[in-house]
Amino acid sequence: MTLAFVFPGQGAQTIGMGKALADAFPAAKAVFDEVDEALGESLSSLIWDGDIETLTLTQNAQPALMATSMAAMRALEAEGVDVTRAAFVAGHSLGEYSALAAAGALSVADTARLLRTRGQAMQSAVPVGEGAMAAILGLDLDAVRAVAEEAAQGEVCQAANDNDPTQVVVSGAKAAVERAAEIAKEKGAKRAVMLPVSAPFHCALMQPAADVMAEALAGVEIKAPAVPLVANVRAEAVTDPDLIRQLLVEQVTGSVRWRESVQYMVAQGVTEAWEIGAGKALSGMIRKIDRAVACSAVGTPEDVQKARQAGD
């Protein structure tokens, strides 16, 4: 089987995530310590003992989810399963940073600081209440693009996340996204669900955040990843550090082409995906994209042991 390691994005966060890994594997605990030191605060205390509202703030959720993914990755490595077992790494939005850290392109400390900056920049790019996102269920990408165009009426409204064949997320100005939700239902969508997010990610309104990230990424070393990254905005494999830097900037305002990314990996022979970190959201999407891909979550010590045995 050809394997891909995939890394979750925002929304997967839960209080207590990664704690069992940190307790069971010194290398996993070291990741949380490194992230705490890089940020100059005890993010691990928030992750394990805090309240979900504070953890869900974008500036906290992004480095916290990366820390949990990297803790799982270090636990796998401690059991003899390293990233080169995979043919590709890929991540959903912020998960792309986790994927790059897992593949050795970014240090954990740099990744934590970048994601703190990214979270703060994305939050402050649009005043709270002025932007929104909605998941459109039951229409394909082309149909949702047409809905977004009709709903825009001079405001920003874009297809932001092409998650799977049954779900495309629109993002933009609040009124435009609300119009899109209504139009989508008129066009035959099964449901249109306004998402509980604090900013309209992956649309043109995020340009101020993209500018911040261009500056932040310019000051960070990016190495060639040990295995190719399937980039969100290209839905194809990349390894060149300068191109990766450019695509991470484009990703802030660009669409997350997750469905196409999975299809690309399948076309390259991927038959199995391990979701490294918190939750199982990506596994659910992958099954809807191609049921032939075997999906496993690796987020607990038990998952790590199963993964090691599967790799033996």
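**The pocket and its surroundings**

Helix α13 gives the largest share of the lining of the largest pocket, 3 residues. Keep in mind that this is a predicted model.

Now the pocket itself. Its volume is about 760 Å³. There are 32 lining residues, and the closest to the centre are Gly9, Gln10, Gly11, Leu195 and Val197. What is the lining by class? It has 15 nonpolar, 15 polar and 2 charged residues.

Strands β9 and β10 pair in the parallel sense, over 5 bridges. Look for Trp274, which stands opposite Ser296 in β10. From β9, the chain passes through α13 to reach β10. That β-α-β crossover is right-handed.

Next, the open sheet. It has 4 strands, in the order β4-β5-β3-β6, and the pairing is antiparallel. Which strands sit at the edges? They are β4 and β6, and each pairs on one side only. From one strand to the next, the twist averages 25 degrees.

Inside this sheet, β3 and β5 pair over 7 bridges, in the antiparallel sense. Ile136 stands opposite Val168 in β5.

Two helices to finish. Helix α8, residues 141-152, packs on the sheet and touches β3, β4 and β5. Its direction makes about 160 degrees with that of β4. Helix α9, residues 174-186, lies across β3, β4, β5 and β6. Helix α9 runs at about 145 degrees to β5.

Terms used. Residues are numbered from 1 along each chain as its sequence is written. This is a predicted model: local features need pLDDT of at least 70, side-chain atom pairs count only at pLDDT 80 or more; totals for chains, interfaces and linings use all residues. Side-chain values use heavy atoms; hydrogens and water are left out. On a 1 Å grid over the protein atoms alone, a cavity is a set of points where a 1.4 Å probe fits but cannot get out, and a pocket is an open set with protein on both sides within 12 Å along at least five of seven lines; lining residues have an atom within 4 Å of a point. Grid points are joined across faces, edges and corners, and a volume is the space filled by probe spheres set on the points. Ala, Val, Leu, Ile, Met, Phe, Trp, Tyr, Cys and Pro count as nonpolar, Asp, Glu, Lys and Arg as charged, and the others, Gly among them, as polar. Two strands pair if DSSP finds at least two bridges between them. A crossover is right-handed if, with the strands pointing away from the viewer, the path from the first strand over the helix to the second runs clockwise. Axes are lines fitted to C-alpha atoms, for helices over the stretch in contact, and angles run from 0 to 180 degrees between N-to-C directions. Contact means heavy atoms within 4.5 Å.
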